[in-house]
Amino acid sequence: MAPLVAATGLEKHFPVTRRFSEVLRREHPVSRAVDGIDLFIDEGETVGLLGESGCGKTTTGRLLLKLTAPTAGSIRFADQDLGSLQGPALKKFRQQAQLVFQNPFDALNPRFTIFRALREPLLNAGIPKEEHDERMRIAMRRVRLADVDDYYDRYPHELSGGQLQRVVLARALVLEPRFLVADEPVSMLDVSVRAGILNVMRDVHATMGLTAVYISHDFALVRYVCARTVVMYLGKMVEDGPSAEVVERPLHPYTKALVQAVPVPHVNQSREPLPIKGSLSAASAPVGGCRFRDRCPYAFARCTDEEPPMRELAPGHRAACHLL
Amino acid sequence: MPATASPAPARGGRKAKLAAIGRAFDLVRRDPFATAGILIYLVFLIIAIFADQLATHDPNQILYRPNGRVASNNPPFGAHILGTTNLGRDIYSQLIFGARSALIVGISAALAVVLVGTLVGLVAGFFRGFIDMALMRVADIALGIPFLPFVIVLSSFLEPSMWNVVMGMGLVVWPSTARVIRSQVLTLRERTFVEAARVTGSSQFRILFVHIAPNVLPLSFVYGSIAIGWAILTEASISFLGFGATDSVSWGSMLQNAYVSQALSRGWYHWFVPPGICIILVVVAGFFVSRGFEEVLFPRLRD
Amino acid sequence: MSVLSVQDLAVHYRTERGTAQAVRGASFEVPEGQVVGVVGESGCGKTTLARAIIGVMPKTASIAGGRLIFQGTDLLTLSPRELASRRWRDIAFIPQSAMNSLDPVYRVGTQMVEVLVERGGMDKRAAKVRAAELFDMVGLDPGRLRDFPHQYSGGMRQRAAIALALALEPKLVIADEPVTALDVIIQRQVLDTFKELQGRLGLSVILITHDISVVAYATDRVVVMYAGEVIESGATAEVLGRPFHPYTMGLYRAFPDLHGSGGTLVPIEGSPPGLISPPTGCSFADRCPFVELRCREERPPLLDVASGSRAACWRVSEADTLRVRAGEAATWLRS
């Protein structure tokens with residue numbers, strides 16, 4: 001069966017403000033937010049896009065939803081090329097692919113009641129009016145806000161962060177999409193509330209068979225919600241495998257450092273120095289070769305000359321490193 | 001299933017709206033200037049609507065004394081509350097009907113400015129690119145045109161009428177509103193809920209008019225309030241300079257007549273002071289209202 | 001020996017809708033040379049507490065009671081001038097966003113030198129040397145001193161803010177969410193820096209955070225706050241290993257553990273009570289699965305419990321049983 005989402009050779013470059021010397025030399029430096037990714041997602045998979053700031057995970061998410069156009073490469077959704085989608089076909093895609101935002105406090109129009117906010121996608125998609133009520137109720141029930149009458153007439157500023165994010169999720173689900181991208185969905189919520197949203201998301205997957213991509217910098221969260229983890233670093237994928245595997249048996253040096261760096265809620269935890277080299281300045285991609293080589297404690301000559309390809313080293317578990 | 005209750009007070013759409021009105025009144029109470037402004041507007045509005053009932057005479061009618069002579073320059077507080085003009089017209093009635101002209105001009109002009117300015121601001125800010133550039137250049141040109149002389153020129157070409165002021169404002173005064181609306185739109189279009197609207201399939205126009213426009217309307221309202229005062233002032237200036245409408249009476253025309261009849265040197269204060277005060281009151285009221293309502297109309301997100 | 005003793009501190013805020021009791025009778029000790037974590041969700045009062053200690057509060061806030069004994073002196077009895085002189089020299093503050101402590105218009109080095117000269121009484125040359133030392137200490141390249149704050153990355157700014165705070169070798173540093181906005185690798189490095197400096201300089205640190213994992217990693221003692229009150233405090237190992245307050249028990253199960261078994265996380269349903277008219281009884285009563293009648297009527301005081309910790313709960317004597325029940329997801333689901 002063809003994967004639901006197939007991205008090949010995906011690249012996205014952003015122009016960077018030029019320094020005067022560069023203007024004189026007619027150079028156009030770019031920031032390579034996404035620098036060549038091949039990502040295949042099967043229907044029903046939950047994939048976590050994990051990485052620190054600047055790794056390109058958010059940009060990848062937006063590319064997958066056609067919110068921005070790739071500089072190079074292609075994306076196919078349900079075996080249709082995303083780049084050439086227009087008109088009714090594009091409209092259909094928008095119904096099938098939805099987004100949950102990072103900031104629940106801003107994701108809803110402050111002048112819309114919750115009812116209007118939930119109804120908006122239905123109106124846009126041209127769903128017949130008779131179906132509206134049912135669909136909205138089902139969506140609200142999925143996010144555990146079943147007492148809709150308590151919420152329909154309220155405005156966003158009257159709800160708490162946790163409730164808002166559930167409404168945002170409900171709005172995304174009201175069209176029964178096939179594909180969901182969630183960008184740091186709980187990072188702006190209080191910790192005691194996060195568990196609730198995460199559980200809702202797990203349930204939604206289980207009951208709807210939704211294909212989902214979770215973008216996060218929080219490893220523990222990704223492990224909890226996603227069956228598969230893709231680790232990104234400076235625009236490239238460095239590791240890709242089942243979440244439990246990636247956490248317990250990380251292959252790539254960056255992943256190893258990441259796993260060790262995450263604090264756990266137990267006093268007895270490793271406090272060993274991280275296997276990663278100094279350089280605290282903002283990581284900028286070195287040209288050519290492996291992007292991680294400046295910080296990698298195991299880098300050797302080949303890492304500078306040749307970019308390591310993603311290779312499968314265990315069933316379903318791939319990594320891009322010359323050491324392996 | 002546990003219902004996560006929120007500690008917020010208001011429930012229900014209608015109740016929420018009532019609560020918003022309640023908050024509006026609270027703020028009004030706290031800002032006495034805005035309250036004063038609203039009251040002044042209300043008073044003049046009532047006067048303008050009920051002018052026919054409130055005036056004692058026809059403002060253009062020349063009145064005569066019992067002895068058959070023209071009732072010119074009657075002092076105030078006599079048979080005529082504010083006295084009469086040098087041609088025997090009742091000043092009080094003129095003042096009343098002047099309010100009507102003033103408000104008609106003021107509100108129409110404000111509407112014109114707000115409509116044009118908001119539309120331009122919305123379109124320029126949202127679509128950006130060439131449209132934005134073109135519209136902003138037009139705005140720059142309009143901004144460069146001196147308003148009063150422009151209206152004078154208009155009045156010379158067209159029939160003298162208060163609608164010249166309205167048209168003038170609609171053509172030349174909208175840029176400041178447009179600029180502010182545009183920057184508001186520039187901010188709004190980056191907001192998450194706008195992107196959400198895009199993701200859930202809203203068309204460009206829907207996003208612009210259903211999502212963004214309602215969030216800039218409070219600002220339009222603010223500019224509208226200022227525009228009312230501005231329009232009335234301009235109309236008064238035009239009439240004073242002699243370019244105003246000849247058929248209807250306005251505060252400006254009263255001032256012009258008084259000036260031409262040398263009312264100042266003759267000490268006929270009852271003629272020119274009342275219209276002057278009225279003009280000042282309305283302009284100041286506009287300013288206070290616009291300041292006060294800026295706060296009320298912007299909804300606040302939960303802290 | 002405690003470098004700071006917070007006794008029954010109460011801080012009120014004037015708001016549109018009334019007086020909010022942001023901190024209500026908070027008490028805890030900061031022993032010398034230890035890192036004390038203050039953990040709680042947003043609105044629990046931890047930032048207000050920090051600002052009250054350092055004496056930097058907005059005009060609408062006022063101290064409504066209590067004592068802050070710092071090295072024998074009650075800080076609350078000091079005049080603003082006296083308090084200001086202690087700031088930076090004795091007590092330093094690293095605010096939530098590092099940009100708040102770094103002026104974007106001046107070079108970082110200039111700012112450090114200014115602090116050292118104005119408040120430390122050093123001459124300029126000595127100050128420059130010291131600034132380089134401080135940067136070295138926090139793991140930053142001293143060559144970067146001549147850069148502006150915007151040229152630094154987030155992690156670097158945080159470290160620069162730490163260096164600035166430590167410039168005059170204060171006895172106590174209060175750090176408000178110092179690592180929240182940072183990537184996890186930088187976060188780890190910053191926390192390690194704190195630990196190392198604490199050991200080397202004998203610093204006492206109050207580390208404010210909402211993340212229990214950070215507390216577990218970086219603190220010696222922890223104070224758990226809820227709705228403006230301290231509801232549990234003690235050695236970190238004890239409080240996390242044997243919690244006595246239901247909130248702490250629940251908090252534990254609400255955090256995803258990277259190496260966890262995958263058992264369902266359990267959220268604590270509901271939200272904290274409003275601070276304007278706080279409830280008469282225990283503030284956690286509405287969300288507590290073990291609530292009894294007494295809990296709603298009387299506010300439990302901080303009681304000493306077996307392990308040297310303190311907890312504010314009427315049912316501390318049953319803590320062992322409750323702990324087991326709290327470990328089960330079903331306990332926290334409400335019908």
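How much area do chain A and chain C bury between them, and what share of it lies on carbon and sulfur atoms? The two chains bury about 3,600 Å², 60% of it on carbon and sulfur atoms; buried area is the accessible area (1.4 Å probe) that two parts lose on being put together, summed over both. This is a predicted model, in which local features need pLDDT of at least 70 and side-chain atom pairs count only at pLDDT 80 or more, while totals for chains, interfaces and linings use all residues. Residues are numbered from 1 along each chain as its sequence is written, chains are lettered from A and ligands numbered from 1 in the order in which they are written, and side-chain values use heavy atoms, with hydrogens and water left out.

**View 1. The contact between chain A and chain C.** Chain A contributes 41 residues and chain C contributes 42 residues, where contact means heavy atoms within 4.5 Å. Between the two chains there are 11 residue pairs in polar contact, both residues at pLDDT 80 or more. A polar contact is a pair of N or O atoms within 3.5 Å; within protein, one must be able to donate a hydrogen and the other to accept it, and residues adjacent in sequence count only if both atoms are side-chain atoms. The number of salt bridges between chain A and chain C is zero; a salt bridge is a side-chain nitrogen of Lys or Arg within 4 Å of a carboxyl oxygen of Asp or Glu.

View 2. C:Asp183 is buried yet has no salt bridge, and the nearest side chain of opposite charge, A:Lys57, is 6.1 Å away. Buried means under 20% relative accessible area, exposed over 50% and partly exposed in between (1.4 Å probe, protein chains only). Lys and Arg count as positive and Asp and Glu as negative, while His and the chain ends are not counted. Apart from neighbours within four places in sequence, C:Asp183 is in contact with A:Glu52 and A:Ser53.

**View 3. The surroundings of C:Trp88.** The loop between helix H2 (80–86) and strand S6 (91–94) of chain C holds C:Trp88. C:Trp88 counts as partly exposed because its relative accessibility is 29%. Apart from neighbours within four places in sequence, its contacts include C:Val115, C:Arg119 and C:Pro170.

Technical notes
Helices (H or I, at least four residues) and strands (E, at least two) are DSSP runs, numbered from the N terminus.
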